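Please look at the sequence and the model shown below.

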Amino acid sequence: MPDRFFLTTPIYYVNDAPHLGTAYSTVNADVLARWHRLIGDDSWFLTGTDEHGLKNARAAEEQGLTPQEWVDQTSRRYIASWAALDVSNDDFIRTTEHRHHLSVQRFMQAIHDNGYMHKGLYEGWYCVSCEAYYPESDLLEGRVCPVHERPVEWLTEENWFFELSRFEQPLLDWYEGHPHAIFPDSRRNEALGIIKGGLQDISITRTSIDWGVRVPWDGAHVFYVWYDALVNYITAIGYGEDPERFSKWWPAAHHLLGKDIIRFHCVWWPAMCLAAGIEPPAHYIVHGWLLVGGEKMSKTRLNQIDPVELATDIGVDALRYHLVRDVVLGSDGDFTYEGLIARYNSDLANNLGNLLARVAAVVGSKCGGIGPAPRPAAPSVRLSEVAAEVVAACRDAWQRFAAHEALEATWRLVRAANSELETAEPWKLPPGPALDAALGDALEALRIVAVLVSPVMPGAAAEIWARIGLMGRPDELGSAGENGSLGWGGYPGNLLVIKGTPLFPRRTVDS
Ligand code: ME8
C-alpha cells in the first residue's frame, strides 16, 4: 500500500499580497508534495489564507473596504501567485468559508465540552502583526515586539481561556513517544524548551472584534484568529463532516512552517488536539527565514520582493530551483539577486541547458535528429553507474527533507554527462556504434535528470522530456516508485530530438 502524505503550509494572512518569504514556504511544500506524488505516495497538499483577526480587519479599514471585500480581493492574489509559481496544491482553504466556521465551532465545542475552557479576565501586551500577546520579559527595549520590532498595545478583555497549563505533561509524554515529530532536531528542542518552561492558560476568544468565527456557546465572542487558523488543517480533510476522509488523512499530517510560528504549531495545536480528543499531527517540518540584507523579509519591514515579478524575470523554474537549492531547509538563507543569477548561470545555463543543447545539436547534425538508445547498464558504462548512485542519493536526501542535496546529487549526473561528451567528442565521430553510445547514454542521462528535477522545475523537466522525443510527462504519478522510471535504460531510442531555443539563456545581472 502506498504511504500517505498529507502536507500543509501555514495559511497566510491576507493583510497584504504574497512576498518571496511566503513563496519560499509554499514552494518548499510544493516540491515535497511533488516528490511524494512521484514516488507514488497517496498525497494531499493543502495551502490557503488566514482571513480573520485584527490585522486583516485593520488592513481592510485602511483600504476603505469591508473585511470581506478585502479578504476576497487579497486571497485571490495568493491563489493567482501560487498558480503563477506552478504550485500544485490539491485544495485551497479560506478561513472565511462556511466549511471552516462549522469545523472550528465543532472542534472548540468538543474542547469546551471536555472541560478545558473557562472564562476569565485577560490583559497584556499585544502585537497586532503577530496577533499574539507577549509577556513583558519577551519584549525588546521600548516595548516593541521581538518579531516585528513594532510597538505593542495594552489590551484588556474578558474572554474564554483554553487550559493549556493542563497539557504540560501530556505534551511531554507525547513528544517522548514521537521522537521524530519535529524536523530539524534543534526545533524539537526549542518546542520542548517552551513546554518545560511552563505553560499558561491562554485566552482564545475576543469581544473587542467581530471579524471571526463566533463562539457557539457564548455569542458575544469570536475565536482568537490563531485558534481559528490552526483548525484549517482538519477542516480541509473533513473534520466533523466526513469521518472516513478525516481518518484517511489524520493524523498522517506533515505541517511545514516557518520557525516564527513554532509555539502555535508545536505547543498549542497538539494540546488543542488532545483536548478535543483527537491525535496530534504526526509531523512538523520547520524551515528558517529568507533574509534580505540579513533581515527577515516581511510585510511590516517593507523589504518584500514580489515572487511573481521575479519569476517573470528569471523564469518560474529558475526561481524555484534557486530557493530550494541555495537555502538549506531548516536554516536561514540570505536572498540576493546576484546569488540568483549566479546559480542560474552556473547550474542551469552552463550545465543543464548546455547539456541539452549540445546533445540535441549533435543528434541533429550526425543522426538526422533521431536519438539513439543508450547502452545497457554496466560497470563500463560510466553514466549508468553515476545515475544509479545519484538516484539512490536523491531518494535518501528527499527522505531527510534535504531537497538541496537531491539537487546537488542530480547535478553530479549532469556534470558527468557533460564530461563524458567532452571525452567522447561525438561531434567528431563518424556514424556508428561509438557515436550512438555517446549520444544514447547522454539522452538517457537527460531523461533521468528530467524525472529527478521535476518536483523542483516541473516546466523545464517537461520541456526536456518533450525535446528528447518522449511521450507523456516526467512527473507521472508514481513514476519514481519501485520499478518506475528511474532505472537506467528507459530511453527507447529512435525518437525525434528537437533542438529548440536555449532552455536557460545565459544572464547577466543587468540583462
Ligand atoms: O503567521 N522567510 O501568517 P503569515 C521564510 N497566518 N518564510 C517566511 C518569511 C520569510 N521571510 N516570511 C513569511 C501567519 N514566511 C499565520 C499562520 S497557520 C495556521 C497560521 C512564511 O502570513 C513562514 O512559513 O505571517 C511563516 O511561518 C509564514 O510565512 C507566516 O505567514
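## A three-stranded sheet

In this predicted model, three strands form an open sheet in the order E15-E14-E16, with mixed pairing; strands (E, at least two residues) and helices (H or I, at least four) are DSSP runs numbered from the N terminus, and two strands pair if DSSP finds at least two bridges between them. Strand E15 (295-296) and strand E16 (333-334) are the edge strands, each pairing on one side only.

Strand E14 (residues 290-292) runs parallel to E16 and is joined to it by two bridges, and Leu291 has Asp334 in E16 as its bridge partner.

## Basis of the values

Residues are numbered from 1 along each chain as its sequence is written, and side-chain values use heavy atoms, with hydrogens and water left out. Because the model is predicted, local features need pLDDT of at least 70 and side-chain atom pairs count only at pLDDT 80 or more, whereas totals for chains, interfaces and linings use all residues.

## Around the ligand

There are 27 residues around the ligand, of which Ile11, Ser25, Asp50, Leu290 and Met297 come nearest; a residue is near if one of its heavy atoms lies within 4 Å. By class, this shell has 14 nonpolar, nine polar and four charged residues, and its largest share, four residues, comes from H1.

A polar side-chain atom of Ser25 lies 2.5 Å from an oxygen atom of the ligand, and a polar side-chain atom of Asp260 lies 3.0 Å from an oxygen atom of the ligand.

Terms used
A polar contact is a pair of N or O atoms within 3.5 Å; within protein, one must be able to donate a hydrogen and the other to accept it, and residues adjacent in sequence count only if both atoms are side-chain atoms. Ala, Val, Leu, Ile, Met, Phe, Trp, Tyr, Cys and Pro count as nonpolar, Asp, Glu, Lys and Arg as charged, and the others, Gly among them, as polar.
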